[in-house]
Amino acid sequence: MKFQWRPETIKNENNKSITLKTNIIIYILMASISVTISSCYSTKITPEKSVINSIPHTDSTYIKLDRWLNRQTAKGFKGSVFMVSNGKIIIDKSYGQEDTTLPLAYWIASNSKSVVGLAIQNLEENKKLSIQDPITKYFTNVPSNKQHITIHHLLTHSSGLPHGYITDNIQTYEKALEALMKVKINKKQIGKFEYSNNGYALLVLLIEKLTGKTYEKFIAEEIFKPADLEHTGFWGFEKDNVFNLPPFDPARAAKQPATMFDNGKSVVNYGQKGSSGIYSTAEDQFKIFKTMMDGEIISKTNVEKAFMPYILISENEDMKTYYGYGWFVGYKDNQLVNIRHSGEETWLGHNSMRIFYPNGDGIVVLSNSHLTEEEDVWAVQVAYNLEYLLDLLM
């Protein structure tokens with residue numbers, strides 16, 4: 001089973017009272033400890049290829065956050081963290097992982113959806129499509145129960161296509177399209193939010209139909225190349241310039257069909273295109289966001305469109321959460337507050353969380369440590385704790 005979005009996940013993202021109580025206790029404990037800067041802490045955190053200024057705003061901020069992360073490692077966290085505040089890298093480090101000279105890469109699962117959103121907006125800029133177009137303009141023999149679907153519906157999880165993995169293990173375009181056209185529509189959810197991997201699988205087929213290229217080739221040329229993502233790739237096409245982290249439970253992963261995962265290697269299939277199926281490093285996941293914000297992948301006008309509040313998901317007294325084009329977006333008083341997405345490839349034990357802000361700051365946590373003792377997703381828990389602790393420290 002892959003990551004399945006649940007309404008309570010978003011509720012937790014907007015209502016962090018339980019986590020915040022834990023963080024307050026942690027912060028009090030941290031504040032009670034005097035900080036001594038020793039030779040083991042560098043005054044700079046300098047990755048080999050930094051995309052921004054790498055001087056931390058204070059040594060003590062890094063030391064306190066690093067200490068907290070080491071505590072999580074003792075509890076079972078294994079992962080990589082890339083964290084930027086006020087335009088400066090304050091953490092770029094891996095925790096609980098074996099030493100290697102290669103960059104550490106993780107499967108980011110549903111965080112792949114923002115890449116699909118970028119691809120569709122790229123095609124619109126190049127006049128290959130309009131996001132408001134119905135899918136009947138591009139696919140023939142669309143069943144009557146799907147003729148209402150627009151590209152916008154698919155991007156925003158509002159088409160009525162239910163969540164599912166109908167294209168898992170399918171290795172040809174024709175069979176993937178046939179399977180998707182047979183999926184029943186949830187009529188009550190048309191125009192409303194219902195997270196759907198099936199919808200993003202259909203967007204992949206649209207990309208391939210309009211470009212005449214494989215999804216992987218088009219994304220590599222139009223999205224990854226402008227962002228200089230040297231350490232990011234696709235399911236079935238792992239490169240040897242990264243160390244792809246192993247599954248959390250190799251025995252469980254080995255039980256997957258050979259059309260999905262064979263002898264420890266990913267196998268190309270349409271279930272791992274679009275809704276999932278990308279591996280990356282924490283730094284690369286920040287780079288793609290920064291490059292996007294700079295208008296180097298799509299125009300800045302379209303960047304704004306990607307983060308618009310299209311489909312309401314949840315709301316409380318502090319914030320409303322919507323889905324944009326491949327992103328969850330948080331709004332307060334009609335102003336964009338944050339941009340985020342999580343992902344979990346359950347059977348692999350890999351998960352990811354990205355929290356970004358309109359000013360370009362952000363937190364990326366990638367992990368292959370599956371779930372915490374409380375059965376929370378490790379990357380999500382760590383990212384939100386870091387967000388809150390940084391707010392306290394700054």
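I began with helix H8 (residues 215–227), which has 13 residues and reaches 17 Å from its first C-alpha to its last, close to the 18 Å expected at 1.5 Å a residue. The expected span is 1.5 Å times one less than the number of residues. Helices (H or I, at least four residues) and strands (E, at least two) are DSSP runs, numbered from the N terminus.

I note that this is a predicted model, in which local features need pLDDT of at least 70, side-chain atom pairs count only at pLDDT 80 or more, and totals for chains, interfaces and linings use all residues. Residues are numbered from 1 along each chain as its sequence is written, and side-chain values use heavy atoms, with hydrogens and water left out.

I then looked up the course of H8 and found a bend of about 35 degrees at Glu 221. The bend at a residue is the angle between axes fitted to the seven residues ending there and the seven starting there.

For burial I used relative accessible area: buried is under 20%, exposed is over 50%, and partly exposed lies in between (1.4 Å probe, protein chains only). I list Tyr 215, Glu 216, Phe 218, Ile 219, Ile 223, Phe 224 and Ala 227 as the buried residues of H8. These residues pack against helix H4 (113–125), helix H7 (197–211), S4, S8 and helix H10 (282–293); contact means heavy atoms within 4.5 Å.

Next I checked Asp 228, in the loop between H8 and S4. Phi of this residue, which is not a glycine, is positive and near 60 degrees. Asp 228 is partly exposed, at 37% relative accessible area.

Asn 169 belongs to the loop between H5 and helix H6 (173–181) and is partly exposed at 27%.

I turned to the open sheet of four strands, ordered S4-S8-S3-S5 with mixed pairing. Its edge strands, S4 (233–234) and S5 (243–244), each pair on one side only. Two strands pair if DSSP finds at least two bridges between them. S3 (residues 104–107) and S8 (residues 278–280) are antiparallel over two bridges, and Tyr 106 stands opposite Ser 280 in S8.

Lastly I examined His 152 in helix H5 (residues 151–155). His 152 counts as buried because its relative accessibility is 14%. Beyond four places in sequence, His 152 contacts Ile 131, Gln 132, Ser 158, Tyr 310 and Tyr 325. With Tyr 325, the His 152 side chain forms a side-chain polar contact of 2.8 Å. A polar contact is a pair of N or O atoms within 3.5 Å; within protein, one must be able to donate a hydrogen and the other to accept it, and residues adjacent in sequence count only if both atoms are side-chain atoms.
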